[in-house]
Amino acid sequence: MRTLPARRTASLALAAALAGAGVTGMTGTARADAPPGAWTATEVTGPAAPALYGVTAPDRGHAWAVGTQSSSSAPLILSYRHGAWTQQAAPAGTAPELVDVASGGPSNVWAVGQGGGDATAKALHWNGRAWKAVAYPRPLPMAVSVDSRGRAWSIGSNADGSGAAVFRRTGGAWTDKGLALASGTLLDALAARTPKDVWAGGATSSGDGLWHYDGTSWTQMDIPGDWPHWVLQVAALSPDDVWFYTLPQDPLFSGPTLVHWDGTAFTVTKTPSPYEQVSTYAQDVGFLGDIAPDGRGGVWPQDSRTAYYRHFDGTAWTSVPRPANDLGGWPQVYDLAQVGRTASVWGVGPGAGDRLLIDRFR
């Protein structure tokens with residue numbers, strides 16, 4: 001069983017130690033219907049024993065997916081161009097498990113990875129021609145984001161899970177952005193919309209695991225509910241349109257919730273999926289999936305190992321069938337990414353054997 005190779009990884013034991021897990025919430029105002037279209041699968045072969053943990057798509061013609069191969073001993077980078085996915089070589093010294101990727105355009109892509117010891121480069125940058133390995137200030141980067149000015153932001157922690165911090169790439173170095181957190185706090189989610197509008201999420205023993213940066217200071221946010229929220233994912237579209245995928249930490253482990261920020265207040269909505277299986281997969285990477293905007297005001301929050309992609313339009317839930325596959329069931333979807341500002345979305349995961357999971361909605 002995997003322990004800590006990706007931003008979506010953290011054991012329930014850690015969550016329980018930080019607080020306790022679901023909450024019933026209020027449903028927001030209708031925003032949009034489920035977008036028309038369907039999910040289709042793309043078959044990618046070549047890498048041995050591969051898994052994908054992250055995907056980004058700055059526009060219709062470009063996308064990158066990252067992960068690991070050869071049973072987690074080597075990094076994996078896939079590039080999408082001209083309608084096909086191809087493998088790209090990673091620079092020497094790259095961490096063997098690339099856990100997240102983000103882009104500010106086709107010539108500005110960042111990835112972060114784990115494993116290989118402290119001396120291994122744990123960040124990569126694509127400048128449109130080649131990947132370059134970049135040192136990272138902590139052993140365990142968890143997530144990366146690119147703001148409106150093209151600057152990379154990242155969250156990372158020490159090997160024992162302590163010392164989590166937010167960094168920004170400035171002048172060829174990673175600068176600590178001063179989020180002072182208590183020992184035992186977990187950071188696993190990040191969305192840097194602009195240099196003055198950044199969200200960081202995770203879990204903490206005191207309050208909700210959500211912080212906002214306004215360009216000067218960080219503020220811990222308070223999400224409605226009876227139990228602290230473990231913030232798993234963040235999708236920030238504008239100052240008054242931000243989505244969060246959270247796990248309220250009640251003792252009954254009632255499952256994740258979808259939270260929306262309208263610039264003034266939070267709206268909390270319970271997800272419809274069954275979660276009796278969650279405890280079984282709680283220590284797997286991506287055990288609760290990801291979230292991505294649908295390009296029309298709604299959102300795709302993906303759960304774990306079901307035959308559907310879930311869509312929420314602000315009021316109603318829709319279950320859209322996943323594409324048929326021969327992977328022996330419904331593998332987990334670790335990451336979702338909106339294609340630019342369109343209604344198209346990529347979804348990636350580990351697949352099975354030597355087969356990768358890459359789905360697309362359009």
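This is a predicted model: local features need pLDDT of at least 70, side-chain atom pairs count only at pLDDT 80 or more; totals for chains, interfaces and linings use all residues.
**Sheet with S10 to S13.** I started with an open sheet of four strands, which I read off in the order S10-S11-S12-S13, with antiparallel pairing. Its edges are strand S10 (140-146) and strand S13 (173-176), and each pairs on one side only. I noted an average twist of 30° from one strand to the next.

I then looked at how S13 is held. Strand S12 (residues 165-170) and S13 run antiparallel and are joined by four bridges. Which residue in S13 is the bridge partner of Phe167? I found Asp176.

**Sheet with S1.** Next I checked another open sheet, where four strands come in the order S1-S28-S27-S26, with antiparallel pairing. Strand S1 (39-42) and strand S26 (335-338) have a single partner strand each, so one side of each is left without a neighbour in the sheet.

For S1, the pairing is with strand S28 (residues 355-361), antiparallel and over four bridges. I looked up Thr40 too, and its bridge partner in S28 is Arg360.

**Trp64.** Last stop was Trp64, which I located in strand S3 (residues 62-69). Is Trp64 buried or exposed? Its relative accessible area is 1%, so I logged Trp64 as buried. The side chain of Trp64 also makes a polar contact with the side chain of Gln88, at 3.2 Å. I jotted down Ile77 as well: Ile77 and Trp64 are 13 residues apart along the chain, and their C-alpha atoms are separated by 7.1 Å.

Note on methods
Residues are numbered from 1 along each chain as its sequence is written. Side-chain values use heavy atoms; hydrogens and water are left out. Helices (H or I, at least four residues) and strands (E, at least two) are DSSP runs, numbered from the N terminus. Buried means under 20% relative accessible area, exposed over 50%, partly exposed in between (1.4 Å probe, protein chains only). A polar contact is a pair of N or O atoms within 3.5 Å; within protein, one must be able to donate a hydrogen and the other to accept it, and residues adjacent in sequence count only if both atoms are side-chain atoms. Two strands pair if DSSP finds at least two bridges between them. Axes are lines fitted to C-alpha atoms, for helices over the stretch in contact, and angles run from 0 to 180 degrees between N-to-C directions.
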